[in-house]
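Work through the exercises below with the sequence and the coordinates open. Each task is followed by its solution.

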Amino acid sequence: PKASEPVKTTAAPDLSKTVTAAATGQLGMPVSGSIIRAYSKGKNDGIDIAAAAGTTVKAAGDGKVLLISKNTEQVAFLALRHDNGLVTIYQNVTGITVEKGASVKRGQAIAKVADAVPAALHFEVRKGIDPVDPMPYLQ
């Protein structure tokens with residue numbers, strides 16, 4: 001019994017920290033995966049999250065579909081407007097399941113990761129039109 005107690009004591013705080021961090025983040029991760037390219041002002045307006053082609057992309061927060069379009073390289077993206085003045089952008093997606101003007105809930109499936117090399121979702125957070133580092137919103 002004494003040998004198992006330290007294991008429980010160690011595991012419990014870790015678990016609560018994980019739960020708390022997930023619960024307090026303003027936005028949820030749109031896909032599960034490693035960040036393979038960090039935000040860099042003027043170079044990378046968001047983060048790139050490694051995810052296999054076909055992985056479900058989820059809305060990072062409650063909002064409305066602001067835009068569905070393609071960039072100059074014909075890569076599909078969609079943008080969601082959130083009540084807190086933020087806009088989230090999901091790029092390198094396919095199979096978009098929402099329409100412009102539709103309301104979405106945090107965690108709702110909105111698209112799939114498109115086939116690309118490397119397979120990843122490009123995710124941006126903007127305040128107005130200015131890109132900001134998504135990480136503080138996700139933690």
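**Exercise 1: strand pairing**

Strand 2 pairs with strand 10 in the antiparallel sense over four bridges. Strands are DSSP runs (E, at least two residues) and helices are runs of H or I of at least four residues, both numbered from the N terminus; two strands pair if DSSP finds at least two bridges between them. The model is predicted: local features need pLDDT of at least 70, side-chain atom pairs count only at pLDDT 80 or more, and totals for chains, interfaces and linings use all residues. Residues are numbered from 1 along each chain as its sequence is written, and side-chain values use heavy atoms, with hydrogens and water left out.

Task: Which residue stands opposite Phe-123?

Solution: Ile-47 stands opposite Phe-123 of strand 10. Strand 2 is also joined to strand 1 (residues 35-37), antiparallel, by two bridges. There, Ile-35 has Ile-49 as its bridge partner.

**Exercise 2: the aromatic pair**

Task: Classify the ring pair of Tyr-90 and Phe-123.

Solution: The structure holds one aromatic pair. Rings of Phe, Tyr and Trp (its six-membered ring) pair if their centres lie within 6.5 Å; planes under 30 degrees apart are stacked, over 60 edge-to-face, the rest tilted. The centres of Tyr-90 and Phe-123 are 5.4 Å apart with planes at 55°, so this pair is tilted. Tyr-90 lies in strand 6 (residues 86-91) and Phe-123 in strand 10 (residues 120-127), 33 residues apart.

**Exercise 3: burial**

Task: Is Tyr-90 buried or exposed?

Solution: Buried means under 20% relative accessible area, exposed over 50%, partly exposed in between (1.4 Å probe, protein chains only). Tyr-90 has 0%, so Tyr-90 is buried. Phe-123 also counts as buried, at 0%.
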